[in-house]
Protein chains: 2
Amino acid sequence: MKLSRRALIKGSASVFGWARLASAQDHDPLPSWNPGPAKRAIVDFVRATTNKGGSEFVPVEDRIATFDQDGTTWVERPIYSQVLFAFARLAAIAPQHPQWKKTQPFQAVLDHDKAAMEKFTPKDLEPIIMATHSGLSVEAFQKAVRDWMSTARHPRFNRPYPEMVYQPMLELMRYLRANQYRTYLVTGGGQDFVRAYARQVYGIPPDQVIGSALETRYTYNGNGQGMLILEPKLLLNNNFSGKAEDIYLFVGKHPRAAFGNSTGDRQMLEYTQAGGGLRLMQLVLHDDAQREYAYGPAQGLPGTTIGTFTQELYDEAKARGWTVISMKNDWRTIFGAPGRPPVAPSL
Amino acid sequence: MKLSRRALIKGSASVFGWARLASAQDHDPLPSWNPGPAKRAIVDFVRATTNKGGSEFVPVEDRIATFDQDGTTWVERPIYSQVLFAFARLAAIAPQHPQWKKTQPFQAVLDHDKAAMEKFTPKDLEPIIMATHSGLSVEAFQKAVRDWMSTARHPRFNRPYPEMVYQPMLELMRYLRANQYRTYLVTGGGQDFVRAYARQVYGIPPDQVIGSALETRYTYNGNGQGMLILEPKLLLNNNFSGKAEDIYLFVGKHPRAAFGNSTGDRQMLEYTQAGGGLRLMQLVLHDDAQREYAYGPAQGLPGTTIGTFTQELYDEAKARGWTVISMKNDWRTIFGAPGRPPVAPSL
């Protein structure tokens, strides 16, 4: 008898999976984390803020934790998954735009001109993002993302992107949710892009995904029903200061905990800390070239580049008492076993 | 012995208040509603969408109900409360802006020139709103709103604004929440203005208030802590199409139920219905000059005016099967008893 992968997953989950996992977690909610200052800070924070009667107790409605995505909850190297999606979608819709064959930067993508693409600046990427992320309904766009996500694989690890999520961060989200924290993704990536899979991959519903967002235009379909079309105009740039501004816009209060990995997350962590009382701020340091990638303070990139953990940020973390998570030392496991469902993103 | 008003309220609530009310509500969750099509539609909708195994069952995470505020959950005549707040704040901060004494439209407000103020167009109001709603931190602004709200009274009813909330709508919100619906305020009014009191008045937390919003600017206070300053630039105009667009931006899905009272709510109700399956759309018709106000379809105002229930909207409601709530016929009670706390906005 040959069992489908789905049946195998279901079977193993019910026979020896979640039940045993849940009881093991009574002892250690973060089994993929090595003992150390990062893990200790998390557990101490959760215990103190949920200890009714304690001086640092936080009411349930204020239990908000925010996570950057790229480089914090999943792999961002060698290139953002959303950019790969944009390239794939550009090729898919190119027949409707014959002029792209002779117009840069589109031509480079359609010609698979690797040398040119590697030199793309954010300014080059912008028209590609706009062309591939607008002009269709929000539902059609999310379907395109899910279709791509179901077949795309990471160029180095050759695994589907949902398996490129860091298992320690999934455990952390689950641990926080078990303690009645709401876990928000606060991503520089596209809000609609991330919402398309966040429920399935992270157990995070769409209203807890805050990202860079295009304007939408309200119109009517053939049956006179209201619908929304994505427009090629940026409404929210959810990076740097934008993260603090958009958290306030969406949530209306300071997070209690925030996790990031780059200068793009700096203001989110500052804004979290500015709320006062016990707050938890952590930055993921990519120092494990073998299991993932190594980049960061040694790199010496300017502080305004998204996706970089500059020396300046490292110094600020030390000065403000933020924890730096060493992937190499603090994480026992980085990725789940291939083909395995991610560590229970139960909602 | 003289009891303070607070003590009286507390005492009466504990002695014969909530406990008795709660048990009465087992029989009728909407005691301020008269029997009729509006009440029936609400109860039928809630029963069908929460009936596990039924064909119209809605999972908890999709149970979203959106409420317009002005004219739907509280009085909007003779003038929006937020405009009164703006006038009061303009006078309060005028000493820092001596030029206002000689500049319109500020001068008219400072001179209490009623004739001029009654002729104010939205274009006149805009600089007043901008001047009074920006240039300070989001925390300082919300404090200013709460201070004003604690003393302001409605010009006709001479009661504090929190008592100008419609008791049937508070019951409806509580009924929906008891059935695991999340109740959002989706207001053309200012998001920060409404958030300042929504928790206390409606039992609605800040992340469930979607409104018109100004941009914020991230900066640092004297202690190097991140903070947000309100800027005089509109980011979200949460009226008409803006309501559908912003619901999608914040929530990422169609509401299951939506309540409004004017052309400004039209697209929100259309967008709700466009989600398919059983949805509930209702419009409050102000037809009770004695107990509140009478205005609406008979008024013949153009369809683009906010705060008006035009004949065109009335016709659309009939064509699309939306319920029109007659304040006169459908609501047994409109306001709670003076000095009484509103009907339990428990969170």
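Author: Arg146(B) lies in helix α7 of chain B, where helices (H or I, at least four residues) and strands (E, at least two) are DSSP runs numbered from the N terminus. This is a predicted model, in which local features need pLDDT of at least 70 and side-chain atom pairs count only at pLDDT 80 or more, while totals for chains, interfaces and linings use all residues. Residues are numbered from 1 along each chain as its sequence is written, chains are lettered from A and ligands numbered from 1 in the order in which they are written, and side-chain values use heavy atoms, with hydrogens and water left out.

Because its relative accessibility is 39%, Arg146(B) counts as partly exposed, the class between buried (under 20% relative accessible area) and exposed (over 50%), with a 1.4 Å probe and protein chains only. Asp124(B) is 22 residues away from Arg146(B) along the chain, and their C-alpha atoms are separated by 25 Å.

Helix α6 of chain B covers residues 122-133, and since its 12 residues at 1.5 Å each should span 16 Å, the 15 Å between its end C-alpha atoms agrees; the expected span is taken as 1.5 Å times one less than the number of residues. Within α6(B), the residues Leu125(B), Ile128(B), Met130(B), Thr132(B) and His133(B) are buried. Their cover includes the helices α3 (81-93), α4 (106-110) and α7 (138-151), together with β3 (209-220) and β4 (226-236), of chain B, contact meaning heavy atoms within 4.5 Å. After α6(B) comes Gly135(B), with a positive phi near 85°.

As for nonpolar cores (sets of buried Ala, Val, Leu, Ile, Met, Phe, Trp, Tyr and Cys residues joined through side-chain atoms within 4.5 Å), the largest holds 163 residues, of which Tyr202(A) and Tyr202(B) touch the most other members. Leu125(B) belongs to a second, separate core of 13 residues, which also includes Phe87(B), Ala94(B) and Phe120(B).

Turning to the other chain, chain A has 13 helices and 8 strands, and 53% of its 347 residues count as buried. Strand β2 of chain A, residues 182-190, is mostly covered, with 7 of its 9 residues buried. This strand β2(A) pairs in the parallel sense with β1 (residues 64-67) of chain A over 4 bridges, a pair requiring at least two bridges found by DSSP, and Ala65(A) stands opposite Thr183(A) in β2(A). β2(A) also pairs in the parallel sense, over 4 bridges, with strand β3 (residues 209-220) of chain A, where Val186(A) stands opposite Ile210(A) in β3(A).

The same surface serves both copies, as 100% of the contact residues of chain A recur in chain B.

In the interface, 42 residues of chain A are in contact with 42 residues of chain B. The two chains bury about 3,200 Å² between them, 50% of it on carbon and sulfur atoms, buried area being the accessible area (1.4 Å probe) that two parts lose on being put together, summed over both. On the side of chain A, Tyr218(A), Tyr248(A) and Leu249(A) lose the most area to chain B, together 21% of what that side buries.
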